[in-house]
Amino acid sequence: MLPKNTLSSIILSLAIIPCLLAQTSGAKDVNVKIKSMPLAFIQQHTIASKFLEQEVVVDVFLPQTYNKDCALHTYPIIVLLENEFFYQITGVVKHLSSVSSMPESIIISFPDGFEKFYAPKIYTNESDFWPKSWKQMPFDGAPDLFVNFFKEELFTYLAAHYRTADYRMIIGTSPTSAFPLHAFCKAPNLFQAHIAIAAGDILGMGYNPEETFVDAIVESINNNPGYKAHLYVTSADDDTDYDSHIGKNLQDLERQMSAFTSENLKLKAEVFPNESHYGVVIPAFISAMETFFPKNKWNPDFRDFEKQENTMNTIDNYFLELSTDYGYKVLPKAERWNSGNSLQACANRLLRQKRFKESIEVYKRLVEYRPKSAQALNKLASALQSNNNLEEALTTQKKALELAKKYDKEHLKYYTEHMEEIASKIVELKE
């Protein structure tokens, strides 16, 4: 507890601040210019679902670069069943994708929820985590309708309005984790990655008495040779302390899955230390992303690519293999503010090393990926100029200037001066 005199000082300070602010805001010589603009990348849609017989409100979070990228860029979908964690997950995804610890993704949530709880009505197997009187979980919606809603309505709708990739993840927490587990077992290929958080108790439940989701998961893998999917299940140690069966369920899944884990089938079950039932959501999500998208694959050192004779070809080969692994077209990062592992940084290094032809190839790819970027065209013009491709450099810089008039007006002078510099060199050579 704070000493009395310290507490009094804090209270006095808090009382003075509003007075100071009022005096400042009332001062005649203060000219405050207010400009507002939306900073979030969230859109909301309403879908009339025939399968669920209701209107479903859908929140859609877009990657920050979505409107900068070209049409070649597509994005995995993350379906979040607990809207409570929408802003937390979007923030984590924004950060992790910015440091290449996972792909940039479109995040989906349902702010108004659903009229029914669409999950299998599983047997509790006398779980100590729920009332003993419950023989089955009180889920009242047919899960097949939910599967059809996703497959025939939601994903089709999103594909028509956004550049979605054929790679989908789903996150359920506590009771809502029943559906991701069900989807893994009974709806292969609906999602490529399944995340069940605070789910150790649900894991011990099953479609029939004395049967568990562990049994169903093993059966599903055995029935689908070559099954290509990811599964992450966790609970906090707070839950395992309350009910020891939760920890045993996770250990049982981890033990049985060890025989199946491969590049195509990433499976992990763990007890998260020093966390509470819902406090585990963010650290568990990060752990799931580390499991599904290992950093050694998703954050390659571009300097290694530059050790080869044809840098752009080496980059393409690497990301072609990554695309094959994940089943959708994964493209190299165009730009990164926090690392040299991007096309822009790679091209800059090649230019400094006077590897002009390679730098031009990489800059051209950067221009392709960033069609609205005057800066990308300007850098390409510089590389062409350094390689004495002056006519092409001038044409490129003129395009950069035209783009700058639309997207970078405050730097028009710079683009104009660069264009004039290239033009004057052409004149000099002709004289």
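**A walk through the predicted model**

In this protein, the mean positions of the 45 positive and 54 negative charges are 9 Å apart, where Lys and Arg count as positive and Asp and Glu as negative, with His and the chain ends not counted, and where the place of a charge is NZ of Lys, CZ of Arg, CG of Asp or CD of Glu. This is a predicted model, in which local features need pLDDT of at least 70 and side-chain atom pairs count only at pLDDT 80 or more, while totals for chains, interfaces and linings use all residues. Residues are numbered from 1 along each chain as its sequence is written, and side-chain values use heavy atoms, leaving out hydrogens and water.

The protein contains 17 helices and eight strands, which are DSSP runs numbered from the N terminus (helices H or I, at least four residues; strands E, at least two). Of its 431 residues, 51% are buried, meaning under 20% relative accessible area with a 1.4 Å probe, protein chains only.

Strand E8 (residues 265-272) has six of its eight residues buried, so it is largely enclosed by the rest of the structure. Its parallel pairing with strand E7 (residues 229-236) runs over eight bridges, pairing being assigned if DSSP finds at least two bridges, and Val233 has Ala269 in E8 as its bridge partner.

The whole structure holds 37 aromatic pairs, which are rings of Phe, Tyr and Trp (its six-membered ring) with centres within 6.5 Å, called stacked when the planes are under 30 degrees apart, edge-to-face over 60 and tilted for the rest. One of them, the tilted pair of Phe184 and Tyr227, has 5.0 Å centre to centre and 40 degrees between the planes, and both residues are buried.

How values were computed. Buried < 20%, exposed > 50% of the residue type's maximum accessible area, 1.4 Å probe, protein only.
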